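User: I would like to learn how to read a fold from its elements down to single residues. Where do I start?

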Amino acid sequence: MDAKPTMPPWNMQPELILLARMRQGDEEAFVALYRLHKDAVYRFALLRTGSSAQAADVTQETFLHLMTRPEQYDPSRGSIAAWLCGVARNLARRESAGREDATDPDELADDATTAPQLVDPVTPAEKLIADETAEQVRVALAAVAPHYRDVLILCELSELTYAEAAQVCGIDIGTVRSRLSRARAQLADRLARMGLMHGPGRVKEAS
């Protein structure tokens with residue numbers, strides 16, 4: 001017996017209607033989708049690249065991709081937000097080509113080895129990340145390994161689910177959890193070196 005196709009969640013239906021209208025040439029539907037997601041895509045690109053100019057370019061190209069290749073989106077695999085973040089991630093990686101090729105293979109090999117119970121489940125920079133466009137946070141994030149930075153931005157700043165982050169990054173959920181733990185640790189270490197952390201997992205209060 002053939003398996004039934006996976007149906008998208010009910011709360012995705014309004015966006016799918018907009019997408020269908022856009023594919024039929026409705027410009028207002030595209031504008032509506034753009035307004036819904038432009039801020040999240042720009043924020044992701046800004047934190048991923050560390051450059052407002054590059055983030056603007058990535059955002060523009062992401063929505064150009066949506067306009068010209070909407071058939072690439074598969075609603076059975078996740079939300080439009082997750083798909084757009086995936087497009088933005090690929091574009092951001094292209095913008096950063098050459099600077100991210102030196103990933104430590106030992107780090108990737110250790111992706112699934114972090115014991116979740118040993119890692120603080122709350123981001124230590126929670127208060128600072130609330131103002132994610134602050135230069136201090138961008139500098140700290142830039143020091144986090146790119147493959148860890150992706151899941152941190154996707155899960156904690158773009159509020160994607162682990163499943164959606166796994167889809168965007170092409171990894172399994174267990175690896176998302178492991179990379180997120182390592183990302184938090186690297187970010188906390190960087191913030192401490194910048195004098196923005198006051199003890200393990202504690203953000204230094206503004207004076």
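Analyst: Start with the order of elements. From the N terminus, this protein runs α-α-α-α-α-α-α-α-α-α. That comes to 10 helices and zero strands. Helices (H or I, at least four residues) and strands (E, at least two) are DSSP runs, numbered from the N terminus. This is a predicted model, where local features need pLDDT of at least 70, side-chain atom pairs count only at pLDDT 80 or more, and totals for chains, interfaces and linings use all residues. Residues are numbered from 1 along each chain as its sequence is written, and side-chain values use heavy atoms, without hydrogens and water.

User: How do I read a helix, say helix 10 (residues 173–193)?

Analyst: Check its span against the expected one, 1.5 Å times one less than its number of residues. Helix 10 has 21 residues and reaches 30 Å from first C-alpha to last, close to the 30 Å expected. At its start, a side-chain oxygen of Asp 172 comes to within 3.2 Å of the backbone nitrogen of Gly 174. After the helix comes Gly 195, with a positive phi near 80 degrees.

User: Which residues of helix 10 are buried?

Analyst: Buried means under 20% relative accessible area (1.4 Å probe, protein chains only). An α-helix has 3.6 residues a turn, so residues three or four places apart point the same way. In helix 10, the buried residues include Leu 180, Ala 183, Arg 184, Leu 187 and Leu 191.

User: Is Cys 85 buried or exposed?

Analyst: Cys 85 counts as buried because its relative accessibility is 3%. Cys 85 lies in helix 4 (residues 80–95). Contact means heavy atoms within 4.5 Å. Beyond four places in sequence, Cys 85 touches Phe 44, Leu 154, Ser 158, Leu 160 and Val 168.

Key:
Buried < 20%, exposed > 50% of the residue type's maximum accessible area, 1.4 Å probe, protein only. Polar contact = N/O pair within 3.5 Å; in protein donor to acceptor, adjacent residues only side chain to side chain.
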